[in-house]
Amino acid sequence: RKVELPRGCATSLEEVLSTLVQRTGLPLTPALTYSDAACEDLVITCDAELQEALRAGVRTFQARQESDGDWEVVGGADAKPQAPPTSWTSELRFWLNGEEVVVKNPSPTITLLAWLREERGLKGTHAGCQEGGCGICTVTLTRMDESGKSQTVPINSCLRRLCGVDGLHVQTSEGIGGQQSGFHPVQKAVADGNGSQCGYCTPGWVMNMYALLEKNPSPTHEEIEQHFDGNLCRCTGYRPILTSFGKFAKSSPHCGSHKSVAHPPAMLTAVKGPLHFADEVTREEWFRPVSMEQYDAARTAAAKAGKAVRLVCANTTEGVVKYLGPKDRTEEGTVFVDVTALTELQGLTVDGTGMKVGATVSLAEVTEAMRAHSKTAPHYGVLADHLLRVASVQIRSVASWVGNLMFTRDYRSFASDVATIFATAGVMLQVMEGGDMKQMTVPELLAHKGDILVISMTVPMPPTGALLRTYKTAQRAVFAHAIVNLGAYLEFSRDGQTVTGGRIFVGGACETLLEAKKTLAAIVGKKLDQGTFKAAA
């Protein structure tokens with residue numbers, strides 16, 4: 001019996017076994033065996049062993065359990081991808097304030113905010129700007145990693161689609177405390193400290209503070225103040241709110257009094273499966289593949305139906321696109337493909353060559369990793385400082401860096417800070433186009449017109465003595481789009497003064513990202529002094 005390898009010699013052992021299980025319907029051992037030239041049986045238990053055998057020309061392997069038949073694996077490097085049939089699930093399962101919720105075939109149009117208020121009657125989560133700019137609708141999302149460790153982040157529920165909370169724990173202000181069950185220390189502190197006047201924004205402030213204490217039970221006063229760049233209040237002038245929350249800082253009266261609400265034990269055993277939801281009225285569809293084969297199947301289904309495809313991580317660009325897109329823009333008939341469950345787009349590692357980051361890693365996670373490695377790589381600290389001026393805590397917590405770049409590609413007038421500083425840092429992108437892997441720079445991605453999937457990026461480790469600086473001019477210090485931004489990366493000769501090369505990029509000065517090649521040319525080969533700067537200007 002024959003099976004075709006989905007990705008030729010690059011196919012993983014897990015992909016082979018998954019294909020065999022789907023073809024046979026039988027449980028198989030997590031290994032393959034084959035006979036070498038000496039007729040000795042060899043066992044394959046990892047990807048490297050499988051790929052070594054395939055490169056050596058082995059095409060017949062044995063997979064054992066209830067089925068003892070031999071399978072001949074065909075298709076080497078030239079094999080065409082062939083996705084196995086997928087059993088898509090139309091039930092959304094998540095937890096809300098500790099209770100499991102099952103929603104059958106939710107509409108892709110419904111936001112989490114609308115569902116909480118209209119379907120569940122949880123009016124504590126208020127509707128404000130509904131574009132992620134005020135923080136009034138803030139709730140928390142908790143996910144479990146493979147080790148069983150939880151991660152709680154604040155989000156704007158007005159931007160999050162209900163379809164995008166599968167497997168997660170959603171908590172609202174009602175879920176952390178109330179009059180009957182007893183108020184949470186954060187709720188009590190903001191009330192006792194006169195941090196609430198009209199009260200409309202208060203639940204959003206409370207949930208954001210709760211998320212901070214979940215991550216860091218004893219923050220500094222500065223960390224508390226910096227955490228609220230995405231929350232607005234038009235009554236208090238902010239001082240009583242920050243004073244109330246400041247009591248949870250290190251060595252303050254309420255430090256250590258935070259109470260974590262228990263997460264459902266079932267989250268530990270929840271398994272992500274492929275999801276598909278459809279709205280017959282709007283003709284919108286939502287796919288959540290968990291493998292690249294399923295991703296291809298979703299794209300193929302959309303193409304056959306003649307529908308546009310939009311890849312989704314956290315949907316945070318929804319708050320911006322209405323200002324940049326056409327006024328008659330509509331999502332009717334759109335197929336949304338949630339790529340957050342694709343393992344190929346996950347992960348973050350650092351080695352001597354640089355930092356490799358999966359496409360779905362959030363801006364917050366990238367910032368934290370860069371901050372953690374800034375002592376050995378100072379330019380990472382420069383990038384981290386600039387990223388903290390991008391959007392807000394709620395948005396950075398879930399928004400992917402690649403979503404920002406792809407949005408900039410689609411809406412060229414958007415002066416993206418992420419595009420400018422990553423282009424300046426020499427980031428290389430690993431992308432997939434037509435089944436082939438290739439590399440692109442950020443400017444090349446922004447100019448590219450084809451249909452591609454960004455897999456990851458590599459932020460290189462610069463040579464010793466290199467200089468990286470980034471700048472931003474905006475209406476506010478935080479949570480404001482750039483009017484103009486600039487990044488400069490320079491390398492120097494051994495004397496540490498003569499410029500030998502580099503990159504300079506400017507955003508907001510014209511329709512798209514501008515590489516200042518003439519300015520760089522005026523600097524290269526010269527020492528950085530006032531005369532050089534005047535000539536370059």
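## Cysteines in the model

Is Cys 510 buried, partly exposed or exposed? In this predicted model, Cys 510 has a relative accessibility of 40% and therefore counts as partly exposed. Cys 255 is likewise assigned to the partly exposed class, because its relative accessibility is 29%.

A disulfide is a covalent bond between the sulfur atoms of two cysteines. A search of the whole structure for such bonds returns 0 disulfides.

Trp 205 belongs to helix α6 (residues 202-215), whereas Phe 228 lies in the loop between α7 (221-226) and α8 (239-246), so the pair ties together parts that are 23 residues apart in sequence. Trp 205 and Phe 228 are both buried.

Phe 228 also forms a stacked aromatic pair with Phe 245, at 5.4 Å centre to centre and with 25 degrees between the planes. This pair links distant parts of the chain, since Phe 228 is in the loop between α7 and α8, Phe 245 is in helix α8, and 17 residues separate them. Phe 245 is buried, as is Phe 228. Together with Tyr 238, the residues Trp 205, Phe 228 and Phe 245 form one aromatic cluster.

How many of the 8 residues of α8 are buried? The number is 6, so helix α8 is largely enclosed by the rest of the structure. The buried residues of α8 are Pro 240, Ile 241, Leu 242, Ser 244, Phe 245 and Gly 246. Their packing partners are α5 (185-192), α6 and α7.

## Two helices packed against α15

Two packed helices are described by the angle between their axes and the distance between the axes. For helix α12 (residues 378-387) and helix α15 (residues 417-424), the angle is about 175 degrees and the axes are 10 Å apart. An angle over 145 degrees counts as roughly antiparallel, and α12 and α15 are therefore roughly antiparallel to each other. On the α12 side the contact is made by Leu 383, His 386 and Leu 387, and on the α15 side by Asp 417, Val 418 and Ile 421. Sorted by class, the contact of α12 with α15 has 4 nonpolar, 1 polar and 1 charged residues.

Helix α14 (residues 401-410) also packs with α15, at an angle of about 105 degrees and with the axes 8 Å apart. Angles of 65 to 115 degrees count as roughly perpendicular, which is why α14 is described as roughly perpendicular to α15. Helix α14 contributes Trp 401, Asn 404, Leu 405 and Thr 408 to this contact, while α15 contributes Val 418, Ala 419 and Phe 422. The residues of the contact of α14 with α15 divide into 5 nonpolar, 2 polar and no charged. Val 418 of α15 takes part in the contact with α12 and in the contact with α14.

## Residues with positive phi

Most residues other than glycine have a negative phi. Asn 97 has a positive phi, near 50 degrees, and is not a glycine. Asn 97 is placed in the loop between β6 and β7 (99-104). With a relative accessible area of 25%, Asn 97 is partly exposed.

Gln 130 also has a positive phi without being a glycine, with a value of about 60 degrees. Its place is in the loop between α3 (112-118) and β8 (138-144). Gln 130 is partly exposed, with a relative accessible area of 49%.

## Contacts across the sequence

Asn 156 is part of strand β9 (residues 150-156). Its relative accessibility is 5%, so Asn 156 counts as buried. Leaving aside residues up to four places away in sequence, Asn 156 touches Gly 132, Gly 135, Cys 137, Thr 138, Gln 394 and Ile 395.

Thr 86 lies in the loop between β5 (70-74) and β6 (91-96). Apart from residues up to four places away in sequence, Thr 86 touches Pro 274 and Gln 294. The C-alpha atoms of Thr 86 and Leu 275 are separated by 9.8 Å, although the two residues are 189 residues apart along the chain.

Definitions and conventions
Residues are numbered from 1 along each chain as its sequence is written. This is a predicted model: local features need pLDDT of at least 70, side-chain atom pairs count only at pLDDT 80 or more; totals for chains, interfaces and linings use all residues. Side-chain values use heavy atoms; hydrogens and water are left out. Axes are lines fitted to C-alpha atoms, for helices over the stretch in contact, and angles run from 0 to 180 degrees between N-to-C directions. Helices (H or I, at least four residues) and strands (E, at least two) are DSSP runs, numbered from the N terminus. Angles under 35 degrees count as roughly parallel, over 145 as roughly antiparallel, 65 to 115 as roughly perpendicular and the rest as oblique. Contact means heavy atoms within 4.5 Å. Ala, Val, Leu, Ile, Met, Phe, Trp, Tyr, Cys and Pro count as nonpolar, Asp, Glu, Lys and Arg as charged, and the others, Gly among them, as polar. Buried means under 20% relative accessible area, exposed over 50%, partly exposed in between (1.4 Å probe, protein chains only). Rings of Phe, Tyr and Trp (its six-membered ring) pair if their centres lie within 6.5 Å; planes under 30 degrees apart count as stacked, over 60 as edge-to-face and the rest as tilted. A disulfide is a pair of cysteine sulfur atoms within 2.5 Å.
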